[in-house]
Each structure stands twice: as structure tokens, then as C-alpha cells.
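Dear colleague,

Please find below the sequence and structure that I am handing over to you. My findings follow directly after it.

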Amino acid sequence: MIFFAMKKVKTAVVGASGYTGQELLRILLRHPGVELVCATSRQYAGQKLSDVFPRFQHVPGADLRFTDSDVEAIAATGAEAAFLALPHGVSVTYGRGLVEAGVRVVDLSADFRLNDPAVYEEFYGKPHPDVELMQEAPYGMPEWHREEIEKARIVGSPGCYPTSIILPLVPLLKAGLVLPEDIVVNSGSGVSGAGRRADVSLLYCECNESMRAYGVPRHRHLSEIEQELSAAAGTKVTITFTPHLMPVNTGILTTTVARLKPGTTVEEITACMEAAYTNAPFVRLQGANKPTDTKNVTRTNFVDIGWAIDARTNRVVLMSAEDNVIKGAGGQGVHAFNIMFGFDETEGLWII
């Protein structure tokens with residue numbers, strides 16, 4: 001019997017020391033199609049991955065040493081792919097240099113998610129430094145942009161809140177089952193969503209046994225959420241979105257309320273969701289009148305979606321849960337990577 005080895009894609013993770021970077025490393029170190037050739041961190045340059053993250057001790061490939069961030073040095077490793085796990089406004093300084101060096105890029109910041117430079121400037125407070133590349137990058141949600149992702153040089157991978165909001169709403173907006181106005185969304189996120197940084201508001205005693213709203217009234221993620229919802233509806237969609245900080249490490253729970261087209265039944269909602277996601281491996285439809293629970297999705301690349309109709313108000317209540325640093329960040333980026341390089345889209349992501 002002859003066994004054929006899976007091709008290995010030489011891969012870099014730029015900004016590998018944060019929560020998302022750590023999850024990316026965890027997934028990529030066990031991905032059979034990845035040869036990890038570069039992991040960057042200014043703070044930990046020179047140290048082994050396994051020294052900084054002891055959970056990787058004795059894992060093949062974890063003796064790789066962190067290096068400083070430099071486009072030429074990253075390209076010199078022979079990297080064919082690069083994940084940018086960097087803050088907003090920083091990723092863009094790497095994008096152009098890497099793609100021109102022949103490296104295909106999955107950006108996990110917001111720098112390449114939008115297609116309208118005016119919207120970017122409105123929400124991020126400054127002009128985009130590379131509008132041409134921003135408009136070239138597809139929105140990296142595999143469930144809805146697979147063909148564009150497959151041929152892209154650079155992908156803007158969606159944020160955590162947007163994923164939990166867009167996936168439940170897009171099928172219903174496309175089908176005209178919900179009205180595009182008066183959509184209200186409330187989400188709660190684990191503290192890891194704020195990143196791995198020192199901040200008094202994120203200390204244990206500030207977060208434990210407490211919840212609070214933040215980013216009110218206009219969280220930056222509204223820009224990409226409304227972009228994708230408007231494209232689905234074929235008209236401008238403006239929503240009310242309030243994020244909350246939950247006293248958990250990871251997880252997002254989102255409740256979306258939207259007005260139904262008069263006469264819409266729960267059976268129509270169910271049929272619409274099933275038609276949209278039957279072949280989507282990481283979307284798990286819980287069904288009608290079944291709330292979702294973060295404990296069932298944390299440490300996985302799944303998003304769970306449930307729904308219920310409030311007949312008194314003629315509204316649908318959409319419920320979704322995901323892990324904010326996996327399905328909402330690193331795992332979703334690897335899903336796009338798999339599509340870009342011709343792997344099975346689930347490769348390396350069956351983590352439960």
C-alpha cells in the first residue's frame with residue numbers, strides 16, 4: 001500500500017504571543033498541512049514557543065523560536081502563508097510587503113475587512129493607508145465568500161462579534177423573511193476578547209462576578225456587520241448593537257431581535273436556515289425554541305444557532321454562541337487558509 005504525504009505549506013504567524021496568536025499556534029502545530037517556519041513577537045524574541053507557552057512542551061515544532069517582526073525576515077523564511085494576529089492599524093503595515101513577496105495573507109485584524117474607505121475612516125478615525133489592497137481583500141467568512149477566498153492573495157478574516165451576528169441574520173435577510181430596519185443585537189464576550197494586555201478594567205477583581213456594557217453606542221465592529229448585512233439585504237441596514245463583557249475567559253453569546261415579514265412562520269425560518277447551512281461544517285443549527293450555550297462551543301470552531309418567534313410582537317429572536325478566539329478569530333482564519341491552499345476546509349479544526 002502506498003501512502004501519499006499531505007503537502008506542507010510553510011506558514012508564519014505574525015504577532016503570535018496574544019490570545020489569538022496562541023490559539024493559532026495550537027491549531028497550526030497539529031495541522032498536517034502546515035510547516036510552521038516563523039512566529040513573531042517583539043516581547044519574546046529569541047525564546048522557544050514551548051518556553052513562552054508551556055502547554056506546547058513536547059509538541060513537534062514547538063522548539064521554534066520567536067523572532068522580531070520584519071517583512072523581509074518573514075519572507076526570507078520561505079513562508080507561503082502568513083497569519084497577521086496584530087492590532088488594528090498595525091496589520092496594514094505588513095500586508096502590502098508580504099503579498100508582493102508572494103506570501104498569501106490571512107489578516108485577523110479589521111484592517112482589510114471593509115471595502116469602503118470612507119466607512120473605514122469614519123469608524124477607525126483615520127484614512128486607510130492602502131485602499132487598493134483593502135478593496136482587493138474579500139471578507140473571509142467561508143460560509144458566504146468561499147469562491148473569493150479561494151483565489152485571494154489577502155483575506156480580511158471577520159471579527160468575533162460580527163461572526164455571531166452575521167451568520168444567523170444573512171440567510172433571513174437574503175430570503176426577505178426579516179425586515180432590514182429595527183434590528184437590535186445584544187452580545188456578551190469573554191475577557192480574552194480585549195486581548196492579552198495590562199489594563200485595570202480587565203483585572204480579575206474588576207471582571208469577576210460582574211457584567212458591563214461597553215463600546216456604546218457605536219462599537220467599531222458595527223462597520224463590518226452593517227456592510228455584510230446590507231449586502232445580504234440589498235439595501236442599507238443599520239442596527240443597534242450593544243456588546244457586554246462577561247466574567248468568563250472565552251465565549252460569545254449573542255441575541256438578535258428582528259421584525260418578521262408579516263405571516264412568516266417558524267417552519268419557514270427553519271427551512272431557510274437549513275438551506276443555508278446544511279453543508280457548512282462549523283455551523284450547528286440547534287433548531288426552533290432551543291437557546292444556545294457558550295459551554296458547548298468554547299475551545300471549538302463551531303457556532304451554534306437557535307431561533308424562536310415572538311408572535312406577540314411579530315419578531316424573531318436569534319440566539320448564537322461561539323468561541324471568540326477560535327471561530328471568532330484563529331479557527332476562522334485557518335478555515336480560510338484551508339480553502340486558499342486546497343485542503344479540506346475542516347483540516348486541523350476538529351477540536352472539541
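I begin with a pair of helices: helix α8 (residues 160-175) packs against helix α11 (residues 266-277) at an angle of about 110 degrees, and their axes are 9 Å apart. Axes here are lines fitted to C-alpha atoms, for helices over the stretch in contact, and angles run from 0 to 180 degrees between N-to-C directions. Helices (H or I, at least four residues) and strands (E, at least two) are DSSP runs, numbered from the N terminus. The two helices, α8 and α11, are therefore roughly perpendicular to each other (a term for angles of 65 to 115 degrees; under 35 counts as roughly parallel, over 145 as roughly antiparallel and the rest as oblique).

On the α8 side, the contact (heavy atoms within 4.5 Å) is made by Leu167, Pro168, Pro171, Leu172 and Ala175, and α11 contributes Ile269, Cys272, Met273, Ala276 and Tyr277. These residues divide into 10 nonpolar, no polar and no charged; Ala, Val, Leu, Ile, Met, Phe, Trp, Tyr, Cys and Pro count as nonpolar, Asp, Glu, Lys and Arg as charged, and the others, Gly among them, as polar.

Please note that this is a predicted model, in which local features need pLDDT of at least 70 and side-chain atom pairs count only at pLDDT 80 or more, while totals for chains, interfaces and linings use all residues. Residues are numbered from 1 along each chain as its sequence is written, and side-chain values use heavy atoms, with hydrogens and water left out.

Helix α8 also lies across strands β6, β8 (239-245), β9, β10, β11 (303-310) and β12 (315-322), and runs at about 140 degrees to β12. An open sheet of 7 strands has the order β7-β8-β6-β9-β12-β11-β10, with mixed pairing (two strands pair if DSSP finds at least two bridges between them). β7 (212-213) and β10 (283-288) stand at its edges with a single partner strand each, so one side of each has no neighbour in the sheet. Within it, β6 (residues 183-189) and β9 (residues 252-259) pair in the antiparallel sense over 6 bridges, and Ser187 stands opposite Thr254 in β9.

Another open sheet has 5 strands in the order β2-β1-β3-β4-β5, with parallel pairing. Its edge strands, β2 (34-40) and β5 (154-156), each pair on one side only. β1 (residues 9-14) pairs with β2 over 6 bridges, and Thr11 stands opposite Leu36 in β2. Helix α12 (residues 326-340) lies across β1, β2, β3, β4 (104-107) and β5, at about 160 degrees to β4.

Yours sincerely
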